[in-house]
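Welcome! Take a look at the structure below, and then we will walk through it together, from one residue out to the whole chain.

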Amino acid sequence: MNDYDFKSSICTSIGQSEKLMALGLKSDTADMRIVKDRANDDPVMFPAERCDDHGIPAWTLGRLMELMPYSIEMHHAIWRLQISRGLARYAMVGKEKSYIGVFYRPNTYDAVVDCMEWLIKDGHFETEYLETIHNA
């Protein structure tokens, strides 16, 4: 038997979730919830549909990718989303190698959250996923 010590998260942390909500991301787009364990006060993650509105909204990497635009048309070019370990960016489609919205972080979720912040602030994010105060 192998003793693997995987350190990957299944969803955003409390801090990452709070940052996304501060950016205006609707909490009902979350597919997970973080609830404090009553016995030891440790955070426990549950699918959102099992928690009603209890706990802190959290997002899996898959859900964040669903929310982010697959491609962006900007500067007379099309840019496609690329996410890998510790990296989130948009790459130019075609032979030329060029990137926008590039974020390298030790944690992939941090890179994706930072990329989402850039998307929201630059107006590339779907407003239907944002609270109305950010849609103006």
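Here, two residues are in contact when heavy atoms of theirs lie within 4.5 Å. With that in mind, aspartate 114 touches Lys19, Phe103 and Arg105, leaving aside residues up to four places away in sequence. Please remember that this is a predicted model.

**Aspartate 114**
- You can find aspartate 114 in helix 3, which covers residues 108-121.
- Is aspartate 114 buried or exposed? Its relative accessible area is 13%, and because buried means under 20%, aspartate 114 counts as buried.

**Helix 3**
- Helix 3 spans 20 Å from its first C-alpha to its last over 14 residues, close to the 20 Å expected at 1.5 Å a residue.
- The helix is mostly covered, with 12 of its 14 residues buried; among them are Tyr109, Asp114, Cys115 and Trp118.
- The cover over these buried residues includes helix 1 (14-22), helix 2 (61-67) and strand 7 (99-104).

**The ends of helix 3**
- Just after the helix, glycine 123 has a positive phi of about 80°.

**The whole protein**
- The protein has four helices and seven strands, and they follow the pattern α-β-β-β-α-β-β-β-β-α-α along the sequence.
- Of the 136 residues, 40% are buried.
- The accessible surface is about 8,700 Å², and carbon and sulfur atoms make up 50% of it.
- Among contacts with a separation of 6 or more, 48% join residues 24 or more positions apart.

Terms used
Residues are numbered from 1 along each chain as its sequence is written. This is a predicted model: local features need pLDDT of at least 70, side-chain atom pairs count only at pLDDT 80 or more; totals for chains, interfaces and linings use all residues. Side-chain values use heavy atoms; hydrogens and water are left out. Helices (H or I, at least four residues) and strands (E, at least two) are DSSP runs, numbered from the N terminus. Buried means under 20% relative accessible area, exposed over 50%, partly exposed in between (1.4 Å probe, protein chains only). Accessible areas come from the Shrake-Rupley method with a 1.4 Å probe; for residues, only the protein chains shown count as cover. The expected span of a helix is 1.5 Å times one less than its number of residues.
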